[in-house]
Amino acid sequence: MSDSNVVMEVKKFSFTYPGAPKPSLKKINLPVRKNKITAMIGPSGCGKSTLLRSMNRIHDLYPGNKYEGEIILHHKGGKQENILELKKENDFIRLRQEVGMIFQKPTPFPMSIFDNVAYGLRLSGIKNKTELQDRVEAALKGAAIWEETKDRLNENALGMSGGQQQRLCIARAVALKPRVLLFDEPTSALDPISTGAIEELIAELKEEVSVVIVTHNMQQASRLSDYTAFMYLGELIEYDKTEKIFLSPSEKLTEDYITGRFG
Amino acid sequence: MNRLILNKVILILSTLSAMIGIGFLFWILATLSYKGITSIHWTTFTKDLVEGGIRNLLVGQFTMALLATLIAVPVGMMAGIYLREYGYGSKLSMVIRNLSDVMMSAPSIVIGVFVYAIMVDPVGSYNGWAGAVALAIMMVPIIISTTDNMLALVPQELREAGIALGGSKHKIILQVVIRAAKVGIMTGVLLSFARIIGETAPLLFTSANNQFFTMNMNEQFPSLTVSIYNLATYPDAPSRELAWAASFILTMIVLCINLFGRFVVRKKK
């Protein structure tokens with residue numbers, strides 16, 4: 001599966017939380033295809049967020065996790081790297097600049113709108129003022145929020161609405177020009193209109209990045225994604241094109257979940 | 001019927017208890033205001049203690065309290081950050097947190113005696129530094145606990161979001177987490193300042209007192225609270241009047257700092 005259409009490959013990946021007797025993820029195999037949207041669905045506690053959070057090693061904020069298997073990241077120019085082998089903080093920082101993440105609740109920093117977007121850029125070492133301004137503007141345009149914010153870039157980001165805050169967080173992640181963006185239920189704290197705006201935005205983003213999205217909302221998965229992975233009790237039950245999963249799944253379990261018979 | 005009567009009785013009893021508590025407070029404030037305001041003259045603020053004013057005392061008290069703040073804020077904040085961000089859940093952090101809580105209720109006179117033993121006895125004279133250190137020791141546990149509690153209120157997602165943008169842990173703590181907890185921590189600092197500005201016991205045998213204006217921390221240092229303690233026991237009327245005036249002014253200062261602290265919090269909400 002190591003063709004050029006894949007940006008990240010999860011291979012025989014198992015994950016155990018500290019102190020847990022059994023692994024929360026068992027031998028997962030999953031490709032993340034380039035410039036496509038991959039949705040992960042499944043009932044609560046099935047491990048989809050755990051898997052997502054392994055893809056940028058954000059788990060490592062807390063000590064004692066156990067990883068087995070491989071998660072291969074394909075860099076620009078074809079270089080491949082097993083991100084589970086990273087150990088140094090600088091390597092983690094490099095990884096997270098390549099693999100961004102958007103959370104369930106909007107997480108704007110307590111600073112101005114401009115500084116929110118510029119924050120990651122400054123962390124990555126950009127100091128030049130005009131370059132910062134250009135990249136911030138491009139990111140805000142990319143996240144379809146430039147028109148609403150261009151006159152209030154110096155206002156505190158906490159004054160924005162929930163939907164705007166979430167788009168700001170997406171802009172912040174996009175600004176770093178990552179290869180992969182991970183979305184952890186990005187719309188479950190938002191109203192339907194904001195949700196629509198975010199979905200539209202994610203659909204546009206795949207021109208630039210590859211997207212992995214965890215969602216509880218099956219309509220969202222079917223509307224938005226190109227590929228869908230169904231997970232259950234820490235195992236990947238089925239992965240296929242989204243139409244296939246939703247119209248004629250191969251596994252009985254997938255069908256039961258999608259038709260709402262459990263979960 | 002019985003229940004209704006019991007309800008009334010409890011209501012009356014609790015209202016009465018509340019009235020008694022508040023009554024004493026107002027009694028203190030009324031006496032203080034009456035005696036204090038009538039004893040204040042313009043010269044109270046322009047003259048030093050030796051001439052019957054409190055100028056040097058105010059300057060001395062604030063100097064020591066500000067110096068104590070300069071010592072206690074960095075130490076307390078860093079300890080609080082360690083407890084919440086780095087050592088969270090570890091044995092050491094639990095020991096430190098408990099010790100700090102014990103320190104918060106340590107009798108202030110004991111802190112005074114301790115600082116006397118390490119900073120006054122060895123040099124052979126009371127000095128302003130010792131007073132500031134004693135106040136700082138009182139302040140540190142309060143600041144540790146507020147920093148710890150305020151950092152606990154910062155949602156974990158905010159830290160994760162910072163890390164996910166490629167930040168290192170210390171940068172995220174300093175640039176994002178502290179910023180999110182800023183108002184709460186500042187309020188804690190203000191309230192702890194209000195607490196130490198009115199302390200007498202830690203100063204009694206550390207900085208002692210000085211009748212003259214001085215900024216030399218190596219000698220005995222003027223203190224408002226210690227002066228009140230001394231003046232109140234003098235037999236002459238002017239001294240006692242000055243004690244009333246000083247008490248009133250001190251109370252107003254503490255009240256203002258407290259109100260300002262609360263105002264800052266409310267404005268933020």
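The model is a prediction, so local features are reported only at a pLDDT of at least 70 and side-chain atom pairs only at pLDDT 80 or more, while totals for chains, interfaces and linings use all residues. Residues are numbered from 1 along each chain as its sequence is written, with chains lettered from A and ligands numbered from 1 in the order in which they are written. The predictor gives the complex an ipTM of 0.88 and a pTM of 0.85.

Chain B has twelve helices and zero strands, where helices (H or I, at least four residues) and strands (E, at least two) are DSSP runs numbered from the N terminus. Its C-alpha trace spans about 70 × 70 × 35 Å along the principal axes. Of the 269 residues in chain B, 38% are buried; a residue is buried if 20 or more other C-beta atoms, placed from the backbone, lie within 10 Å of its own, exposed if 12 or fewer, and partly exposed in between. Two residues are in contact if their C-beta atoms, placed from the backbone, lie within 7 Å. Among the contacts in chain B with a separation of 6 or more, 74% join residues 24 or more positions apart.

Where they meet, six residues of domain 1 are in contact with seven residues of domain 2.

Next come the nonpolar cores, each a set of buried Ala, Val, Leu, Ile, Met, Phe, Trp, Tyr and Cys residues joined through C-beta atoms within 7 Å. The largest one has 121 residues, and Ala171(A), Leu135(B) and Met139(B) have the most contacts inside it. Helix H6 (residues 128-153) of chain B is the top contributor to this core, with 15 residues. Beyond its neighbours within four places in sequence, Leu135(B) is in contact with Met64(B), Ala65(B), Ala68(B), Ile196(B), Glu199(B) and Pro202(B). A second, separate core has 13 residues, including Leu49(B), Leu57(B), Ile228(B) and Ala246(B). Ile228(B) is also one of the buried residues of H11(B). That helix (residues 224-231) is largely enclosed by the rest of the structure, because six of its eight residues are buried.

The contact between the chains draws 21 residues from chain A and 14 residues from chain B. On the chain A side, helix H2 (89-98), strand E6 (99-102) and helix H3 (113-123) each give two or more residues, and H2(A) gives the most, with four residues.

Most residues other than glycine have a negative phi. Lys12(A), in strand E1 (residues 6-16) of chain A, has a positive phi near 45 degrees. Arg57(A), in the loop between helix H1 (48-54) and strand E4 (66-74) of chain A, has a positive phi of about 55 degrees. Lys12(A) counts as exposed because it has 11 C-beta neighbours inside 10 Å, whereas Arg57(A), with 21, counts as buried.
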